[in-house]
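This report describes selected local features of one protein chain. The sequence and the structure are shown first.

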Amino acid sequence: MEDIRVEDHKLQMQDNTKPLVVAISSRALFDLDESHSVFESKGLEAYARYQIDRENEFLEPGEAFQLVKKLLALNAGEAGHQGVEVILVSRNSADSGLRIFNSIEHHGLDIERAVFTNGESPFRYMKAIGTNLFLSGHADDVRQALKAGFASAMILPGARNRPDGDQLRIAFDGDAVLFSDEAEKVYQAEGLEVFSKLEKQRAETPLPEGPFKPLMQALQNIQSAYPIDNNPIRTALVTARSAPAHKRVILTLREWGIRIDEALFLGGKPKGPFLAAFGADIFFDDQQVHCDSARAHVATGHVPNGVRNPG
């Protein structure tokens, strides 16, 4: 039954007439660290009262705020593409969530729709929302969404000083993110030598798609409305792969008809400094070690998918 849901979801995501939909939790959008500490130490009732008492105190931007702001900016003027919609999905109640909407209005974000679940997982609404990307601070919600075929990531805390600029810049890891973890399983079980040998032998065989491939396609659909040399979106593949394993990646993207603007094959070097140089508004990776390197420099989403993330 789950496989049927996943395939149905993928078919929906291929409809280029629908907007790119990002579902985001309040903790990913705003800085709710202080509020969350109240919840952890005193419980849900105290947390709700805390938010209601401060509903006219505006929240500061969170880790994914800059990303959301740039995504919504793509709707400005005569866009010529299907557009972007951001929907708030929150474990708050509608009552305690009023502070979130007040903060959205204060910061001038064009977010009109919201789902408040009062402590329960918002996962069951992902299909109804038509989600292309789900960003959350709650690991269980992210894992559930990934299992159902939605591109999802847990937003990690990191440095507050982020690269800025008008262009939206998004970076992706390869295996278990854009691609399946097929090759990573070989690396884990057989080691680098066998991995490199098999990837060289299979260079002409496209890698199976990973959870973020449909999102990458949706971003490219928006990019196609603009000239390459003056585009509001720039993408990058930032992977620990190196030669000769790079060839299969390049040919897979060519087979998919997806253009990556920049590709960095780092051969295991720390990714953080390269992501800072690229100026990523967000980076998605399945491995915690790479996320830890990245989040010191750029907003980072951990994708708990594949062999590196059992359970």
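A residue is called buried under 20% relative accessible area, exposed over 50%, and partly exposed in between (1.4 Å probe, protein chains only). The model is predicted: local features need pLDDT of at least 70, side-chain atom pairs count only at pLDDT 80 or more, and totals for chains, interfaces and linings use all residues. Residues are numbered from 1 along each chain as its sequence is written, and side-chain values use heavy atoms, with hydrogens and water left out.

Asparagine 118 is found in the loop between β3 (114-116) and α7 (126-129), while alanine 176 belongs to the loop between β6 (168-172) and α9 (182-190). Helices (H or I, at least four residues) and strands (E, at least two) are DSSP runs, numbered from the N terminus.

A further loop, between β7 (233-239) and α12 (246-256), holds proline 244.

Helix α4 spans residues 44-53, and its buried residues are Tyr47, Ala48, Tyr50 and Gln51. Viewed down the axis of α4, these buried residues fall within an arc of 160° (taken from the directions from the helix axis to the C-beta atoms), so they line one face of the helix. Glu45 and Asp53, on the other side of α4, are exposed.
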